[in-house]
Amino acid sequence: MPTTDATTNEPSIVALPELEAGSPSTLFPDIERAFGLGGLGLIVIRMPAAHEYHTLRRSLLAMAAPLAAMPEEDKLRLEHPDSQYSFGWSHGKEMFDGVPDTLKGSFYAQVYERDHYDEDYQKRFPFYAHKNIWPSPESLQGHDLEAAFIALGKTMTEVGVLLAKRIDEFLKTKHDNLSSLEAALSSPLNCHKGRLLYYFPKEESAASSDGKEASWCGLHLDHSLLTGLTRAIFNPATLPAGDTTGLYIQLPNKEMCKVAIPEDCIAFQVGEAAQILSRGVLRATPHLVKGTDAVGIDRSTFACFLQPEVDFNLGDGLTFGKFTENILASHYEGGPVM
């Protein structure tokens, strides 16, 4: 694993009203710094203090630990093997370096669920073509996971689509005839998927027996067009002094930069699909989540993968559905899993 001895790198931060105004003179330098060659591949949108995002974030992230603590037989009923565990609960299915990842649990759902999926679509794209699976509030200490999950997912999607519109405007200064990110993400056949993540607390030292750094999530690229990320919450809330846990991004020179997402912000990362669509103007960056060395601290966060419809052409006849299948098959045992 690449070393994560690095100082915090401050990302480009854009206030939501500024994003809404869309002034090229102020936005384009931030977009190029964030997503261009040598950038972090990440931009941060600061949400107004009165925005409902803040309440929605706290509400959903507070449900991650109770979800992970549900009896195993209840979580088993929330798994969906036929979709290759890309709906409902998933734990130990994702592979890093050929080893099942048991350090975190995930809960997946489509942000915009369709009323119906035809049989052919289900056979071709099992990782997108299924109805969402939810625990009952009674089984989750009274929490309504569905309402909280969908509300936060839609809020983040709306901001992400607006960001995509501004990125489109920026890209027009670089290339002619590029497909629109905004149009791709606004399609009613979109594949936007949310992922509630719970990183289990360490029961002993996080350092592995071979001396490598412990990682809660190994080095990887997202394959989406954009990925929205909340700031994580920890329990206990205060990390030990000098703790280096967090999100790290690998720059082209292989340097690992720790990136802090402010609590009142949503971060958006560029995925590989956007890099392809933009002909390399937008740069996706490998990233990982470094675990804490402290015992007994858990981490909860939410990612919203903004994705076009499966038949969307990324270029040269490569559809997003096929691209997804190719990418995920290389990361998961037995085929693609979201």
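Begin by selecting helix H3 (residues 53-61), whose buried residues are Tyr53, His54, Leu56, Arg57, Leu60 and Leu61, where buried means under 20% relative accessible area with a 1.4 Å probe, protein chains only. Seen down the axis of H3, these buried residues fall within an arc of 165°, so they line one face of the helix; the arc is that of the directions from the helix axis to the C-beta atoms. Helices (H or I, at least four residues) and strands (E, at least two) are DSSP runs, numbered from the N terminus.

This is a predicted model, in which local features need pLDDT of at least 70 and side-chain atom pairs count only at pLDDT 80 or more, while totals for chains, interfaces and linings use all residues. Residues are numbered from 1 along each chain as its sequence is written, and side-chain values use heavy atoms, with hydrogens and water left out.

Strand S11 (residues 246-250) runs antiparallel to S14 and is joined to it by four bridges, pairing requiring at least two DSSP bridges; select Leu247 to find it opposite Val289.

Finally, select Ser90, Glu94, Lys104, Ser106 and Arg195, which lie nearest the centre of the largest cavity among its eleven lining residues. Strand S6 (104-110) and strand S3 (88-91) each give two or more residues to this lining. Lining residues have an atom within 4 Å of a point of the cavity, a set of points on a 1 Å grid over the protein atoms alone where a 1.4 Å probe fits but cannot get out.

Terms used. Buried means under 20% relative accessible area, exposed over 50%, partly exposed in between (1.4 Å probe, protein chains only). On a 1 Å grid over the protein atoms alone, a cavity is a set of points where a 1.4 Å probe fits but cannot get out, and a pocket is an open set with protein on both sides within 12 Å along at least five of seven lines; lining residues have an atom within 4 Å of a point.
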